Amino acid sequence: MTITITPSQSIELMMDVLKQGLVPMLTSSPGLGKSSLAKQIAEEQNLKVIDLRLSQCDPTDLGGFPMINENKSKASYVPMNTFPIVGDPIPTGYSGWLLLMDEFNSAPQSVQAAAYKIVLDKEVGLHKLHNKVAIICAGNLITDKAIVTKLSTAMQSRMIHFEMEANLKDWLNWAAKESIDYRITSFINFRPELLHSFDPDHSDKTFPCPRTWEFLSKIIKSWSSILPNKAPIIAGTIGEGPAMEFTSFCSIYDRLPTIEQIIKDPLGIEISTEPSILYATSGMIGAHITRTNIDLLMSMIIRLPIEFQINSLREAIMKDRSFMKVPGIAEWIAKNSKALL
């Protein structure tokens with residue numbers, strides 16, 4: 001049985017590895033955000049990202065290019081300027097570098113072999129990498145038909161291996177912070193299995209995953225409603241079946257009271273018992289909470305079933321954590337701490 005980790009666990013565990021000067025290898029199905037997680041670590045540690053796609057490299061790119069010395073009696077290898085070596089100045093405003101060797105196991109074994117010294121010895125050809133360079137490797141699973149070359153046993157033992165899977169709570173927290181469209185987060189709450197629905201033998205042109213949901217959010221952000229003539233865009237982003245479900249779910253918003261109507265009469269709005277409508281309502285409210293309307297919207301939120309109260313407030317708090325100090329929300333958190341746990 002494979003031990004898998006969530007995205008939030010991967011950050012903590014990879015940091016444990018990096019602190020010891022070792023190299024984590026993070027694998028997952030396509031579209032789960034491996035590169036984004038590495039870049040998040042770089043941002044938290046104030047490191048400049050060097051994004052190296054190993055699948056696009058030649059062995060010489062990693063070992064260096066031959067150069068004849070001035071006296072022409074010997075030759076040496078000059079590393080690519082991709083790699084910071086001993087003596088290079090640390091970029092202004094940074095504490096060092098993060099070398100992300102992405103698509104690692106998509107590279108041919110000759111390129112992987114050329115990376116042996118980089119991964120284990122932190123050397124590029126005859127040159128030592130700068131001691132402020134951290135390395136993370138990433139790639140897709142060999143079972144996912146994503147152009148993967150099996151790592152040699154020599155490379156396997158040079159890395160600390162992690163396999164990541166999608167996690168609903170992690171993604172919803174991330175989505176709220178990144179302002180992913182509330183119609184998408186509400187739908188994923190309603191149909192969590194479509195956060196990442198991947199079959200390596202699928203015949204569709206694409207599939208729903210964290211990456212494609214983020215793409216869709218960018219596309220629909222400015223749309224006040226999801227019109228039928230936009231269906232090809234949605235299908236071309238997340239696949240035909242999920243697109244039909246998402247479009248059907250979004251039609252609920254045409255039947256909901258507007259946020260202005262809720263603010264005007266938070267105690268008089270009828271509360272539905274239909275789960276899809278509750279997911280849509282709670283997501284919409286959470287996305288529209290501001291400091292000027294928070295008291296009125298809280299009057300509506302506390303009328304919802306507790307799990308949908310949590311949906312609304314998570315959307316608001318992850319977007320702006322200072323909301324936790326607002327009296328109405330602080331009182332709600334104190335009162336519902338058991339439900340939150």
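Modeller: A definition comes before the rest: helices are DSSP runs of H or I with at least four residues, strands are E runs with at least two, and both are numbered from the N terminus. Note also that this is a predicted model.

Biologist: Where is the place of S179, and is S179 buried or exposed, or partly exposed?

Modeller: S179 lies in the loop between α7 (168–177) and α8 (182–190). Phi of S179 is near 55°, a positive value in a residue other than glycine. Most residues other than glycine have a negative phi. Buried would need under 20% relative accessible area and exposed over 50%; S179 has 36% relative accessibility, so S179 counts as partly exposed.

Biologist: In which loop is E103 found?

Modeller: E103 is not a glycine, yet has a positive phi of about 55°. At 24% relative accessibility, E103 counts as partly exposed. Its place is the loop between β6 and α4 (109–114).

Biologist: What order does the open sheet of 6 strands have?

Modeller: The pairing in this sheet is parallel. β1 (4–5) and β3 (47–53) stand at the edges with a single partner strand each, so one side of each has no neighbour in the sheet. The order is β1-β10-β2-β9-β6-β3.

Biologist: At about what angle does helix α1 run to β10?

Modeller: Helix α1 (residues 7–18) lies across β1, β2 (24–28), β9 (133–140) and β10. The angle that α1 makes with β10 is about 175°.

Biologist: And what angle does the direction of helix α2 make with that of β6?

Modeller: Helix α2 (residues 34–44) packs on the sheet and touches β2, β3, β6 (96–102), β9 and β10. With the direction of β6, that of α2 makes about 170°.

Biologist: Is Q309 buried or exposed?

Modeller: Q309 has its place in helix α15 (residues 306–319). Residues up to four places away in sequence aside, Q309 touches I301, I302, L304 and W332. Buried means under 20% relative accessible area; the value for Q309 is 8%, so Q309 counts as buried.

Biologist: What separates the C-alpha atoms of E214 and A175?

Modeller: E214 is in helix α9 (residues 210–220) and is partly exposed, with a relative accessible area of 25%. Leaving aside neighbours within four places in sequence, E214 is in contact with W174 and I180. E214 and A175 are 39 residues apart along the chain, and their C-alpha atoms are separated by 8.4 Å.

Biologist: For the protein chain, what percentage of contacts between residues at least 6 apart in sequence join residues at least 24 apart?

Modeller: The chain has 17 helices and 10 strands, and its C-alpha trace spans about 90 × 45 × 40 Å along the principal axes. Of its 341 residues, 46% count as buried. For contacts between residues at least 6 apart, the part joining residues at least 24 apart is 72%.

Biologist: How far apart are the mean positions of the positive and negative charges?

Modeller: The protein chain holds 33 positive and 36 negative charges. Their mean positions are apart by 4 Å.

Note on methods: Residues are numbered from 1 along each chain as its sequence is written. This is a predicted model: local features need pLDDT of at least 70, side-chain atom pairs count only at pLDDT 80 or more; totals for chains, interfaces and linings use all residues. Side-chain values use heavy atoms; hydrogens and water are left out. Buried means under 20% relative accessible area, exposed over 50%, partly exposed in between (1.4 Å probe, protein chains only). Contact means heavy atoms within 4.5 Å. Lys and Arg count as positive and Asp and Glu as negative; His and the chain ends are not counted. The place of a charge is taken as NZ of Lys, CZ of Arg, CG of Asp or CD of Glu. Two strands pair if DSSP finds at least two bridges between them. Axes are lines fitted to C-alpha atoms, for helices over the stretch in contact, and angles run from 0 to 180 degrees between N-to-C directions.
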